Amino acid sequence: IPRSAIQQIDGETSVFVRTGDESYERRAVRLGTMTEEWAEVTSGVTTGDRVVTTGAVMLKSRLKVSEFAESEENERK
């Protein structure tokens with residue numbers, strides 16, 4: 001996959017996989033051989049999964065904002 005798809009989130013190497021028209025799932029992946037532009041994924045996604053290659057940083061930001069809001073709400077309870 002393109003290296004631009006790979007994100008470090010909470011210490012885990014992750015990618016986002018499109019699961020519906022506007023829904024995405026974060027997946028932890030294990031990487032193999034890497035070049036300047038590409039990364040081999042040895043586990044975490046399967047053939048046919050639609051990995052987000054453009055916009056992964058935006059999805060990571062949305063995830064972190066959502067986690068922060070959830071944390072704030074839990075602290076108020």
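In the predicted model described here, R30 stands opposite S43 in β5, within an arrangement in which strand β4 (residues 30-34) and strand β5 (residues 39-43) pair in the antiparallel sense over 3 bridges, two strands being taken as paired if DSSP finds at least two bridges between them. A hairpin of 4 residues joins β4 to β5. Because this is a predicted model, local features need pLDDT of at least 70 and side-chain atom pairs count only at pLDDT 80 or more, whereas totals for chains, interfaces and linings use all residues. Residues are numbered from 1 along each chain as its sequence is written, and side-chain values use heavy atoms, with hydrogens and water left out.

The secondary structure of the protein chain comes to 1 helix and 6 strands, which follow the order β-β-β-β-β-β-α from the N terminus; helices (H or I, at least four residues) and strands (E, at least two) are DSSP runs, numbered from the N terminus. The C-alpha trace spans about 45 × 30 × 20 Å along its principal axes. The protein chain exposes about 5,600 Å², of which carbon and sulfur atoms supply 47%, accessible areas being derived by the Shrake-Rupley method with a 1.4 Å probe, and for residues only the protein chains shown count as cover. Of the 77 residues in the protein chain, 19% are buried, where buried means under 20% relative accessible area, exposed over 50%, and partly exposed in between (1.4 Å probe, protein chains only). Among contacts with a separation of 6 or more, 47% involve residues 24 or more positions apart, a contact being defined by heavy atoms within 4.5 Å.

The largest nonpolar core has 7 residues, namely A5, I6, V15, V17, V29, A39 and V51, a nonpolar core being a set of buried Ala, Val, Leu, Ile, Met, Phe, Trp, Tyr and Cys residues joined through side-chain atoms within 4.5 Å. Apart from this core lies another, of 5 residues, among them F16, V52, A56 and L59. Beyond four places in sequence, A5 touches S14, V15, V51, V52, T53 and A56.

Strand β2 (residues 12-18) contains S14, which counts as buried because its relative accessible area is 0%. Not counting residues up to four places away in sequence, S14 touches A5, I6, Q7, I9, R26, R27, A28 and V29. Q7, in strand β1 (residues 7-9), is likewise classed as buried, since its relative accessibility is 7%. The side chain of Q7 reaches the backbone oxygen of S4 at 3.5 Å, and, with the same exclusion of residues up to four places away, Q7 touches E12, T13, S14, F16, A56, V57 and K60.

In the loop between β1 and β2 lies D10, which counts as exposed because its relative accessibility is 55%. The phi angle of D10 is near 50 degrees, a positive value in a residue other than glycine.

R50 is found in strand β6 (residues 50-51) and is partly exposed, with a relative accessible area of 47%. Its contacts, not counting residues up to four places away in sequence, are with F16, V17, R18 and G20. Between R50 and A28, which are 22 residues apart in sequence, the C-alpha to C-alpha separation is 14 Å.

How values were computed:
Polar contact = N/O pair within 3.5 Å; in protein donor to acceptor, adjacent residues only side chain to side chain.
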